[in-house]
Amino acid sequence: MNLLNIILLFIGWSVFLVVAGLFVLGIERKIAARLQWRVGPPIWQNFTDVIKLSGKEILIPEKANKLVFIIAPFAAFLSALVSGVIIILSLLYGKIMPGDLILLIYLLTVPSLCLFLGASASGNILASVGASREIKLVLAYELPFIAAMILVIFKSGFSTSLYNIIKIQKETGINFLSVAGFLGFFIAFLGIIGKLGIVPFDIAEAETEIAGGVLVEYSGMLLGFYKMTRAILFIVLPVLLMVCFLGGFNGWVGLLKYIVIFVLLVLIKNTNPRVRIDQALRFYWGFTTIIIFISFLFLRV
Amino acid sequence: MDIKTKALKKSLWVFHLSVGSCNNCDIEILDCLTPKFDIERFGMVLVGSPRHADVLLVTGIVTKKNVERVKILYQQTAKPCFVVAIGTCACSGNMFRFGYNMGGPLKNIIPVDVFIPGCPPTPAAMLAGITKLLNKVKE
Ligand code: SF4
């Protein structure tokens, strides 16, 4: 592949990821509305929101560190895009990239860190409360999530490339069906709830107590970039989970797997209240971490 | 009408600002979110920060202390942003218009796009008012 092809590939899949992500978020809002016995917005509502945001004025607070404040949303958006394209490359094009699972773990942390940086740079008190909550949440969920990823790496014979992980699962049966893989799947699932920042763990945004928290000073397209980042993560994280535990994304079965994970996410989102930050920390570092370390004992079972 | 204006009409994010109301209007605004009226089907959501807002819903007489704050808050919103005065208080002052604490009806302080009178206006009246606002956006 020459350079032009690679660039075209990247742009094409990026557009796909954004569109699909916004669409999925729209479906999520619709389901939430139906669960509450409402009609709910149309499923293309999130496209409308993003187009509207692109037409709005961008305000930069006086006290803000302007450079960090503006760069943070772009960096979050780009890292989400790159992680999505990496997954697609190894899923659909069969590219073997050694260590891309580790790269993904890093890249998927970047959006949260950018939220934290942007919020701290904005000079708003509510945003700084949100930022401190966000970084604590990152510390909380990363431990069990990374432990679950290490479990996957152990299971697939110390291979850190997604392509090999899928290939080994094809030969020896998917990880989900072994005891360790089963436990690991649920822990990683709890991890991505925190990563997506949806309701039980949307402590950093908490509209009703800290007025949008980390996003409080963002307006116009900068806010739109955060929305799109969230949308892309809604695709990328479940797919990563499928690659690691459910044997990859293969055709209609893959779509079905995605829908199951998605429905689980939506149900959890709509049936749980928001937790406090200390409860979240205790949940992730207590119960969740203990389970993942127990599952290491069953590695060879 | 270009695509951005069209999108704006379909996705109004409202910020709820109470500047000296008796709280009854505020409760009626929250009624609009309930399954019976469900303004989210028009793409409207209640946001927590004025930076995200497309519409300011202002309730209550503007008390003297709040005059400056309303002005600042209006400046903090990202334009285009519309202002809707909800309740007779915000429209004209209601029975408090001669009160010692009256900072003037809202329209003397910031430009108001739509007035929705009533004490308090019913959610249906608010929806009718928002429809008027949407027609105004068209121009
Ligand atoms: S209009 Fe009536 S209900 Fe609304 S704030 Fe004024 S007195 Fe209260």
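**Chat about the A–B interface and the ligand shell**

Author: Let's start with one pair: in this predicted model, the side chains of Glu40(B) and Arg38(A) form a salt bridge, at 2.6 Å from N to O. A salt bridge here is a side-chain nitrogen of Lys or Arg within 4 Å of a carboxyl oxygen of Asp or Glu.

Reader: Nice! How many salt bridges are there between chain A and chain B?

Author: The count is six.

Reader: And what area do the two chains bury between them?

Author: About 2200 Å², with 56% of it on carbon and sulfur atoms. Buried area is the accessible area (1.4 Å probe) that two parts lose on being put together, summed over both. Arg38(A), Lys52(A) and Lys56(A) supply 27% of what chain A buries against chain B, more than any other three residues.

Reader: Switching topic, which residues surround the ligand?

Author: Among them are Cys22(B), Cys25(B), Cys89(B) and Cys119(B); being near means having a heavy atom within 4 Å.

Reader: Which helix gives the largest share of that shell?

Author: α4(B), with three residues. Helices are DSSP runs (H or I, at least four residues), numbered from the N terminus.

Terms used. Residues are numbered from 1 along each chain as its sequence is written. Chains are lettered from A and ligands numbered from 1 in the order in which they are written. This is a predicted model: local features need pLDDT of at least 70, side-chain atom pairs count only at pLDDT 80 or more; totals for chains, interfaces and linings use all residues. Side-chain values use heavy atoms; hydrogens and water are left out. Helices (H or I, at least four residues) and strands (E, at least two) are DSSP runs, numbered from the N terminus.
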